[in-house]
Structure formats: C-alpha cells, structure tokens
Amino acid sequence: MTRLRISEIFGPTIQGEGSVIGVPTVFVRAGGCDYRCSWCDSLHAVDSRYRHEWQPMTAEEIMGKVTELSGGQPLTISLSGGNPAIQDFGPLIRLGKTQGYSFAMETQGSVARDWFCELAPLILSPKPPSSGETVDWDAFDACIAAAVETESVMKIVIFDEDDYTWAREVAAGYPSLPLYLQPGNHTPPGPDSDAIDLPGIMTRYEWLIERALADRWFTPRILPQLHVLVWGNKRGV
Ligand SMILES: C[S@@+](CC[C@H](N)C(=O)[O-])C[C@H]1O[C@@H](n2cnc3c(N)ncnc32)[C@H](O)[C@@H]1O
Ligand SMILES: Nc1nc2[nH]cc(C(=O)O)c2c(=O)[nH]1
Ligand code: SF4
Ligand SMILES: [Mg+2]
C-alpha cells in the first residue's frame, strides 16, 4: 500500500493565508521539498534533518487522524508542506471526498499532477528573487493546465523592492489568476522558535500596501499571515 511522508497533521485551526483566509481547516503537511527557500517558515517539513519526524501514512490513516481532529465533521483539508506535489496525494483526495471533505493545496508550482483538478482551490506560490530559487515557468504553466475546471490562485510573498517589481511582472503575465500578496516573515533562526519580528512584519505589510496603492495597482489582495499575527511561528496552528 502506498504511503505518504507526513510531517504533521494539525487543527482544526483557521487558514491564515490567501484566498481562503479565516476558513476553519485541518492541515496535512507533507514532508520533503524540491526547493530550499532562504526564508522558508516550514523548514521542519523541508530539511532532511527533520526526516525522523516524518511518518509514512496511508490515505486511510491520514483520514482517520483528520476525522479525529474534526470530530467527524467534514471541512476543508489544507495540504501543504514541503511540496505536497512531489508525492501522489490523488488517492487521499479521492478518499476524503467520498467522506464529504474538500481539499485546498499550497504548492510553489514546480511539479504538476493530474489530481490538481480535484482541488478547491489550488494555491500557487511562485518564489520571488529573495527566496534564492528560480521559477521554471513551463512547470508552473503545467500546474495551471492540470487544474482544469478548478479554481487556481496565485500568492506571492514579498520581502523587498526587487520582489515587488518581480511580482508586478509575473502578475502581468497571468491576468486571469486571482492574486494575493503576502509580506514576508523573517523567521528567527531555529525552526523550533515561536518568536516573530512583529514590528518587522507590520512595517513590511504597511510598506507593501502603500507601494501597491501608490502604483494604482488595485488588482491584488494584500494580506498578512493571520495565523502568525495570532500565534507567532508556533507549529501546529
Ligand atoms: C511553507 S509553504 C509550503 C507549500 C509550498 N512549498 C509553497 O511554498 O507554496 C506555504 C506558504 O508559506 C509561504 N511562506 C513560506 N515562508 C514564508 C515566510 N517566511 N514569510 C511569508 N510566507 C512564507 C509560501 O510562499 C507558501 O505560500
Ligand atoms: N493557520 C495556518 N495557516 C496557514 N496557511 C498556510 C500555512 C502553511 O504553512 O502552508 C499555514 C499554517 O501553517 N497555519
Ligand atoms: S517551496 Fe515552500 S516549503 Fe519549499 S522551501 Fe520554499 S517555502 Fe519552504
Ligand atoms: Mg506556514
């Protein structure tokens, strides 16, 4: 039986980011990522030093844990990671749907899967220059193409002026994707630290709002990471 590498399953909590912000959800976080963003806030699901925490789980085991957490009430399950697209989440999504659950997924858009069409929504977060990663736009386009008849949205993290300029160019190339801009969160060293630089986040958020409005750029929604404002960088919320 196929097993998925799972870093953590937690909730119910609220979705803290992007188009489904505020919606109650249970998170299923996959272990492993094909990227190494300089500012990744989920290193415990990326860095192989945390591999010992990742559990191989069947779709049935995952749904069992989600059902326990949700009290058996179907809700939206948020798949994140790491990059969930490097594993086959198709069987889990199909099983969960038979039980009334729906699935949203966060991915950077580097690997396309035919099961993206089962998501609602597919949240694509291409990485700006400050991440140190380079986007493969053919792979990104393949992700959009795979999400036939489902909603895809784009969420870009912005730390600085370079990222902002990049986001404007990228957005111009994808006029039909609803766009969300999110100020970057400089996580203090050590993935086990809950501490955040709240003044830094708020300064970047205010700067980002003012920057976009001064440009008369009115299409994106500009949102902070709500869960970070409430709980800091605490894991499992
Ligand atoms: C941890 S990632 C996992 C999913 C996938 N690998 C991705 O990057 O989209 C989930 C979301 O958090 C965002 N993110 C990661 N680190 C961040 C940070 N330091 N500040 C703000 N957003 C961050 C990512 O851009 C992505 O939208
Ligand atoms: N509450 C909450 N909302 C989130 N939205 C995206 C998250 C992620 O790490 O992928 C996340 C997370 O870890 N917690
Ligand atoms: S792609 Fe996502 S999970 Fe992977 S390193 Fe970047 S932010 Fe972290
Ligand atoms: Mg997070």
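Reader: Let's start with the helices: is the crossing of helix 1 and helix 2 left-handed or right-handed?
Author: Bear in mind that this is a predicted model. Helix 1 covers residues 59-70 and helix 2 covers residues 90-98. Their crossing is right-handed.

Reader: What classes of residue make up the contact of helix 1 with helix 2?
Author: From helix 1 come Ala59, Ile62 and Met63, and they meet Pro91, Leu92, Leu95 and Gly96 of helix 2. Gly counts as polar here. The tally for this contact is six nonpolar, one polar and no charged residues.

Reader: How many charged residues does the shell around ligand 2 have?
Author: Around ligand 2 you'll find, among others, Glu17, Phe27, Ser42, Glu106 and His227. The shell has three nonpolar and six polar residues, and the charged ones number two.

Reader: Where is Gly82, the residue joined to Gly81 by a cis peptide bond?
Author: Omega for the Gly81 to Gly82 bond is about 20°. Both glycines also turn up among the residues around ligand 3. As for its place, Gly82 sits in the loop between strand 4 and helix 2.

Reader: Which strand does Pro12 lie in?
Author: Pro12 is joined to Gly11 by a cis peptide bond, with omega about -5°. The strand that holds Pro12 spans residues 4-14, and it is strand 1.

Reader: Is Glu149 buried or exposed?
Author: Glu149 is in the loop between helix 3 (137-146) and strand 7. Its phi is positive, about 55°, although it is not a glycine. Since 12 or fewer C-beta neighbours is the cut-off and Glu149 has 6 other C-beta atoms within 10 Å, it is exposed.

Reader: Last one: is Asp88 exposed or partly exposed?
Author: Asp88 lies in the loop between strand 4 (76-80) and helix 2. It has 15 other C-beta atoms within 10 Å, so it counts as partly exposed.

Methods
Residues are numbered from 1 along each chain as its sequence is written. Chains are lettered from A and ligands numbered from 1 in the order in which they are written. This is a predicted model: local features need pLDDT of at least 70, side-chain atom pairs count only at pLDDT 80 or more; totals for chains, interfaces and linings use all residues. A residue is near a molecule or strand if its C-beta atom, placed from the backbone, lies within 6 Å of it. Axes are lines fitted to C-alpha atoms, for helices over the stretch in contact, and angles run from 0 to 180 degrees between N-to-C directions. Helices (H or I, at least four residues) and strands (E, at least two) are DSSP runs, numbered from the N terminus. A crossing is left-handed if the near helix is turned anticlockwise from the far one by less than a right angle, and right-handed if clockwise. Two residues are in contact if their C-beta atoms, placed from the backbone, lie within 7 Å. A residue is buried if 20 or more other C-beta atoms lie within 10 Å of its own, exposed if 12 or fewer, and partly exposed in between; C-beta atoms are placed from the backbone.
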